[in-house]
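Trainee: I have a two-chain model open and want to read its interface. Where do I begin?

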Number of protein chains: 2
Amino acid sequence: MRPVSIIGIGQVPVQKEQSQSLRRLGASVVRQAMLNAGVDRVDALYAANMLGSELQGQKQIAALLADEAGLPGIEALHVGAATAAGAAALRTAYLAVASGAADLVVAVGVEKMSGGVAAPALAKALDAEQEVPVGDTLISKNAELMRRYMTTYNVPEDGLAHFAVNAHRNARHNLHALYRQQTSVEQVMASRLIHHPIRLFDCSPICDGAAAVVLAPRDQAHTFTDRPVHLLGASVATDRFRLADRDQPLLLAAARLSAQRALAQAGVTLADIDFYEVHDAFSIMACLLLEAVGFAQTGEGWRLAAEQRIYREGEIPIATMGGLKARGHPIGATALYQTCEIVLQLTGRAGQNQLPEPEIALMHSVGGAGTTIVAHVFGNQ
Amino acid sequence: MRPVSIIGIGQVPVQKEQSQSLRRLGASVVRQAMLNAGVDRVDALYAANMLGSELQGQKQIAALLADEAGLPGIEALHVGAATAAGAAALRTAYLAVASGAADLVVAVGVEKMSGGVAAPALAKALDAEQEVPVGDTLISKNAELMRRYMTTYNVPEDGLAHFAVNAHRNARHNLHALYRQQTSVEQVMASRLIHHPIRLFDCSPICDGAAAVVLAPRDQAHTFTDRPVHLLGASVATDRFRLADRDQPLLLAAARLSAQRALAQAGVTLADIDFYEVHDAFSIMACLLLEAVGFAQTGEGWRLAAEQRIYREGEIPIATMGGLKARGHPIGATALYQTCEIVLQLTGRAGQNQLPEPEIALMHSVGGAGTTIVAHVFGNQ
């Protein structure tokens with residue numbers, strides 16, 4: 001496989017409600033990423049968008065973004081994996097460059113969740129025959145995971161609250177983050193009960209956003225930028241839909257498998273990971289991911305948060321720019337935001353959130369409640 | 001790029017209404033293609049399905065099919081390009097093998113259009129801001145193309161009727177085809193006017209179906225089958241959505257561009273193409289594709305049909321197993337059906353429809369009314 005690098009990024013501030021249309025929002029980050037990379041053309045564009053078909057009545061979004069961005073004739077495809085769509089687009093863009101089919105490729109994600117009711121469309125990520133009819137939603141499944149986790153491991157009621165505290169703390173200086181105000185364990189625990197035992201501050205917000213990156217062959221990357229970030233490993237893994245069908249519902253098998261494969265491809269171990277951009281759509285998901293990957297023993301992930309070891313100063317920083325919780329989780333765009341943030345960290349441009357000379361990052365994106373999980377490993381050397 | 005071959009195919013008969021569920025239908029052709037290839041595992045699965053989100057309330061379909069087919073943990077992603085979704089899945093599967101990221105990969109398409117109203121969901125392939133609000137649908141846009149074509153080139157009223165006649169003639173001995181009865185120019189012209197000037201027999205049917213193929217690296221293909229078919233070239237091209245925004249609305253620019261690129265990659269010319277599996281969702285689309293690719297001069301494509309030069313015995317056979325018109329057009333599955341049929345032709349297993357020793361085939365898939373067009377070139381040597 002031909003090695004692949006990221007040579008440009010583009011992102012807009014996440015908002016509760018964007019005035020720009022889906023096409024303009026998406027095209028604006030495509031152009032921004034191309035400008036950042038210093039390129040005026042690309043060979044292909046892979047787009048992620050989960051809810052446009054329901055909320056904007058729009059399919060064939062990849063061709064629409066290519067058109068709106070003024071890229072006539074280029075290859076453009078729509079790639080999905082429910083809430084992991086952005087990572088699926090990055091994965092496909094990677095395959096296009098790695099194969100040699102294309103040199104310059106954009107991966108873009110865009111989502112407008114405002115102005116509609118997102119929850120029923122989000123629930124289509126579940127099994128429509130076996131889960132939706134019995135009342136399951138993405139929130140109810142995460143609530144079930146959290147309930148089981150708290151009970152099984154005897155976790156104190158506020159055991160997961162530090163995930164939100166960390167996320168808000170890191171969002172403070174991220175100009176693209178939706179929630180930049182700080183929070184505390186007390187505020188998290190006082191927030192509204194959404195779906196027992198999940199409270200408002202255990203959830204990432206419904207919001208609008210778009211982000212994009214430009215990929216190029218590694219051996220050409222230095223002609224575009226003096227600070228390329230390399231995509232060292234990538235893997236997608238899948239799991240059963242229903243928790244009852246999984247051997248160990250509290251162990252995200254697809255997270256473990258995808259991380260193992262991506263780390264192996266990158267030729268690094270967990271000990272080499274300087275920070276971990278996690279899919280904290282819900283606090284419990286961040287916790288289970290930390291355990292699945294191996295940063296914590298089973299049942300001990302919450303302690304990494306409670307003991308502040310996930311903070312930027314800690315042993316395994318997560319959500320270093322606010323995460324899904326505080327930067328926001330505009331579904332199809334989320335993994336591209338994560339990628340932009342990883343690029344900022346690995347190129348020393350993360351501002352007041354800058355980690356001390358990080359070299360290797362791991363990123364996870366989760367489709368549904370752990371059904372499709374995409375891992376990417378990035379490095380700056 | 002690592003050369004890629006097809007080592008197995010699977011398809012079920014197209015039906016007006018399938019009793020099997022979407023997941024079972026899709027999983028059955030995945031297993032059938034794997035059985036045909038003689039493999040009991042694959043590394044990845046790329047799935048196409050356009051309408052499941054609306055008609056079955058199901059997203060994340062790739063993971064669902066992997067689960068249902070008993071393929072735990074594998075990579076699975078959903079790929080789309082509206083009505084060209086099946087070709088988009090084949091394209092992505094090709095990239096995965098060509099890059100070296102995977103060795104054995106399934107591309108699968110499945111669609112159940114029965115039991116719901118497909119037209120509004122199909123219209124989401126158009127521009128939701130500029131086309132749908134003014135009443136455009138996929139049918140109305142094809143009607144507009146046909147109206148312009150007939151007028152511009154002074155085509156006799158029954159000038160396009162032979163496209164349907166040819167398709168039904170070729171479907172007769174295809175056990176997977178929906179419509180195996182024959183038709184005539186008179187019957188086509190007597191059929192109901194659907195949307196002026198499109199008659200019922202100018203349209204492919206609403207139906208259910210699924211098809212899949214297994215890809216492998218070419219240098220390993222002979223360990224699985226003594227008759228591999230090679231994917232010699234592949235390209236995706238895009239065009240503006242609105243006809244009014246295209247320089248020449250009657251010239252499908254994305255068809256021309258994608259064919260040129262795919263032929264160049266394959267190292268062949270138009271003269272080398274023994275047959276052309278065309279996206280005859282509407283007769284006018286087949287006609288415009290023949291012209292865009294260069295099999296006919298502009299305004300002359302209809303003569304290829306009227307003079308029976310598209311028949312199996314003609315100079316450029318199209319829709320050799322019935323095409324979208326008579327085999328059926330279960331959207332996400334269509335390009336995989338086309339691929340299965342090309343494999344049958346190129347391996348001498350097309351039965352009574354067998355062409356005399358064909359070596360090279362071209363396939364086109366169309367997203368929307370010419371917005372995303374995917375070309376693939378196949379060969380048996």
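Mentor: Begin with area. The size of an interface is often given as the accessible area lost when the parts come together. In this predicted model, chain A and chain B bury about 4300 Å² between them. Carbon and sulfur atoms carry 50% of that area.

Trainee: How many residues of each chain are in contact?

Mentor: Chain A puts 54 residues in contact with 54 residues of chain B.

Trainee: How many salt bridges does the rule find across the interface?

Mentor: Look for a Lys or Arg nitrogen within 4 Å of an Asp or Glu carboxyl oxygen. The rule finds 10 across the interface of chain A and chain B. One to click on joins the side chains of A:R240 and B:D67, at 2.5 Å from N to O.

Trainee: Which elements of chain A give two or more residues to the side that touches chain B?

Mentor: On chain A they are α2 (52-55), α3 (61-68), β3 (75-80), α4 (85-99), β8 (229-238) and α10 (253-266). The largest share comes from α4(A), with 7 residues. By class, this side of chain A has 25 nonpolar, 18 polar and 11 charged residues.

Trainee: In what sense do β3(A) and β3 of chain B pair?

Mentor: Antiparallel, over 3 bridges. The chain B strand spans residues 75-80. To find the pairing on screen, go to A:G80. Opposite A:G80 stands B:H78, in β3(B).

Definitions and conventions
Residues numbered from 1 in each chain as written. Chains lettered and ligands numbered in written order. Predicted model: local features only at pLDDT ≥ 70, side-chain atom pairs only at ≥ 80, totals over all residues. Heavy atoms only, no water. Contact = heavy atoms within 4.5 Å. Buried area = accessible area lost by both parts, 1.4 Å probe. Helix = DSSP H or I, 4+ residues; strand = E, 2+ residues; numbered from the N terminus. Nonpolar A, V, L, I, M, F, W, Y, C, P; charged D, E, K, R; others polar. Pairing = 2+ DSSP bridges.
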